[in-house]
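Reader: Hello! I am new to this structure and would like a close look at one part of it, with enough of the surroundings to find my way. Could you walk me through it slowly?

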Amino acid sequence: MALEVQIEKQLAAYKLSLALATGAKPLAVLGPSGAGKTMTLRCIAGLERPDSGRIVLNNRVLFDSAKNINVPSRDRRIGLLFQNYALFPHLTVAENIAFGLESLALYERLTHIREQISKLHLDGLENRRPRELSGGEQQRAALARALATNPEALLLDEPLSALDTHLRSQIEQQLLETLSQYRGAALLVTHNIEEAYRLGSDLLVLSSGQAAAFGPKEEIFRHPPTVEVARLTGCKNFSPARSISANEIEATNWRCQLRVTQKIAKPVTRVGIRAHQIEFLESHQAARNDAIENVFPCWPTSSSETPFRITLYLKLHNAPTESDHHDLQAEIYKEKWQQFKEAPLPWHVRLAPQSLMIFPE
Amino acid sequence: MFYDLSPVWISLATSIVATAITLILGVAAASWRERRTGTAYAIFDGIALLPLVLPPTVVGFLLLLLFGRHGPLGQLLLRIGVSIVFSWPATVIAAAVVSFPLMYLTARAAIAQVDAPLLQAARTLGASEWRVFRRIVIPLAAPGLLAGTILSFARALGEFGATLMLAGDIPGRTETIPLAIYFAVEAGDMRRAIIWSVIDVTISLALLFALYYWARPQSAARAQFGRS
């Protein structure tokens with residue numbers, strides 16, 4: 001199972017230009033709204049025509065601008081799950097699933113419909129119309145409809161964004177199960193970092209129509225190749241930086257020197273750390289702060305809470321004046337926060353060398 | 001009854017045939033036009049809507065020029081031995097032409113409101129364009145198309161000016177109810193004019209009720225279904 005895509009298309013704000021390949025494992029395309037994610041899917045499905053490029057699915061050329069090949073949507077054998085599912089409102093669930101099975105004999109058609117209905121847990125909903133279904137049921141019906149035709153590739157456009165938050169995790173689990181059973185190439189796009197990480201195996205980070213990173217998701221999250229990718233994968237803290245020795249850098253905005261683990265090969269221009277990787281030290285640990293590297297006193301400037309976590313905005317080295325901006329944004333569980341929120345200022349944070357990301361560019 | 005009821009049958013037959021033609025041509029033109037943008041197509045719209053804004057006598061006169069003995073279409077038809085002017089088919093042509101814009105306008109609106117992703121979804125499921133049209137566009141546009149059909153039928157039933165120009169007033173052949181009323185009044189037969197008027201009002205009211213009845217569930221269904 002292999003889908004190879006290399007396309008270019010001029011859009012209003014930028015040029016979509018990317019190459020990707022995916023096989024048996026699902027590929028997640030992560031990018032902010034308007035980065036060209038949906039357009040990419042539409043090009044692959046044949047709903048939009050790229051200006052140039054080549055799309056090949058299992059050795060079948062679907063699009064080749066050089067050879068003037070452009071297979072119409074209906075012959076591509078690609079299933080597309082639309083963001084709002086696009087179920088046919090005048091047809092029942094069973095009729096929706098049957099829509100793509102027209103060429104089959106009646107008996108075979110019924111077998112396929114039954115198979116999809118039981119696979120996607122739609123039993124009892126066969127005769128409902130889309131408006132009588134919940135969001136999650138609509139999503140499963142749309143998936144069943146797309147899968148019933150045995151597509152060689154399955155494209156999912158923001159599969160969970162139309163759902164209520166409290167339903168998402170459960171529906172995400174079912175989607176994960178469906179994706180793991182699916183034998184073709186699967187590609188899903190999302191703007192949600194966690195969704196991309198959980199559903200995808202490989203990750204493509206898209207920014208203004210360009211692939212900013214492409215590879216195994218763990219690798220991209222651990223070592224983002226650029227500041228842009230780090231930012232798009234959720235990193236909040238950056239500072240301009242320059243190297244001062246083989247394993248030390250100076251972070252100018254943070255006004256400190258930092259030890260790093262990576263060998264500094266190219267000149268460093270920026271350093272970053274994820275909000276949840278900033279460590280808070282107990283006062284007795286901080287007292288011996290000569291023994292631990294990269295420990296700095298800090299003062300909170302403000303905070304923002306979610307039910308289980310708290311985001312602290314921190315000023316390093318000296319107490320903040322009224323107009324001061326924060327240097328760092330740290331995120332911790334509230335249990336941990338409870339332990340030191342009453343501790344005397346300054347607190348001490350550690351920017352662990354193995355957590356620091358340094359960018360040459 | 002002391003009257004010849006033929007205007008009723010002629011009116012109904014003319015309107016039914018004219019509406020059938022309008023429906024097919026109107027839906028075909030609307031769906032052809034729907035997927036196209038550009039100035040050239042806007043000119044097509046202008047021509048398609050002309051019968052709505054021109055006085056019916058002008059429409060009738062232009063049709064007469066077109067289908068007359070020396071008109072381009074008239075000569076063509078004459079070669080196969082058909083003469084349209086002052087015949088029953090002329091009433092159908094006149095009624096179809098004046099009712100076409102109403103069908104075209106409502107059909108375009110009805111087709112445009114069918115969500116594009118539904119059509120695209122159908123295509124990714126392997127459906128041909130004809131199947132997309134038949135299974136998705138037509139059913140989802142049906143309430144609007146029905147309203148357009150009723151409007152066109154009502155317009156065809158009330159057609160007077162263009163019919164008189166192209167088909168004349170031949171009792172038993174081209175005399176529809178509106179023509180019968182006009183010539184009854186001209187002849188001073190008020191009683192006859194009133195009876196025909198009552199019949200006309202009755203048929204028109206029944207149609208408007210039908211329109212109201214069918215147009216209402218459509219909007220209710222759409223409100224319930226929202227944008228998706």
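Author: Happy to! In chain A, the C-alpha centres of domain 1 and domain 2 lie 39 Å apart. Please keep in mind that this is a predicted model. The domain assignment of chain A places domain 1 at residues 3-231 and domain 2 at residues 235-361. Where the two touch, domain 1 of chain A contributes 6 residues and domain 2 of chain A contributes 7 residues. On the domain 1 side of that contact you will find 3 nonpolar, 2 polar and 1 charged residues.

Now for the part I would like to show you closely, an open sheet in chain A. The sheet has 5 strands, and if you walk across it you meet them in the order β16-β20-β17-β18-β19, with antiparallel pairing. Where does the sheet end on either side? Its edge strands are β16 (279-281) and β19 (328-333) of chain A, and each of these pairs on one side only. As you step from one strand to the next, the twist averages 50°.

Let us stop at one pair of neighbours. Strand β18 of chain A covers residues 309-316, and it runs antiparallel to β19(A), with 6 bridges between the two.

Chain A holds 10 helices and 21 strands. Its C-alpha trace spans about 80 × 50 × 35 Å along the principal axes. Chain A has 361 residues, and 38% of them count as buried. How do contacts in the chain relate to the sequence? Taking contacts in chain A between residues at least 6 apart in sequence, 64% join residues at least 24 apart.

Finally, chain A has a partner to look at. The contact between the chains takes in 18 residues from chain A and 17 residues from chain B. Which element gives the most to the chain A side? That is strand β7 of chain A (residues 78-81), with 3 residues. Sorted by class, the residues of chain A that touch chain B comprise 9 nonpolar, 6 polar and 3 charged.

To find the sheet again on your own, start at the edge strand β19 (328-333) of chain A, then move to its partner β18 (residues 309-316). From β18 of chain A, the order leads on through β17 and β20 to β16. Enjoy exploring!

Definitions and conventions:
Residues are numbered from 1 along each chain as its sequence is written. Chains are lettered from A and ligands numbered from 1 in the order in which they are written. This is a predicted model: local features need pLDDT of at least 70, side-chain atom pairs count only at pLDDT 80 or more; totals for chains, interfaces and linings use all residues. Helices (H or I, at least four residues) and strands (E, at least two) are DSSP runs, numbered from the N terminus. Ala, Val, Leu, Ile, Met, Phe, Trp, Tyr, Cys and Pro count as nonpolar, Asp, Glu, Lys and Arg as charged, and the others, Gly among them, as polar. A residue is buried if 20 or more other C-beta atoms lie within 10 Å of its own, exposed if 12 or fewer, and partly exposed in between; C-beta atoms are placed from the backbone. Two strands pair if DSSP finds at least two bridges between them. Axes are lines fitted to C-alpha atoms, for helices over the stretch in contact, and angles run from 0 to 180 degrees between N-to-C directions. Domain bounds come from an automatic or database domain assignment.
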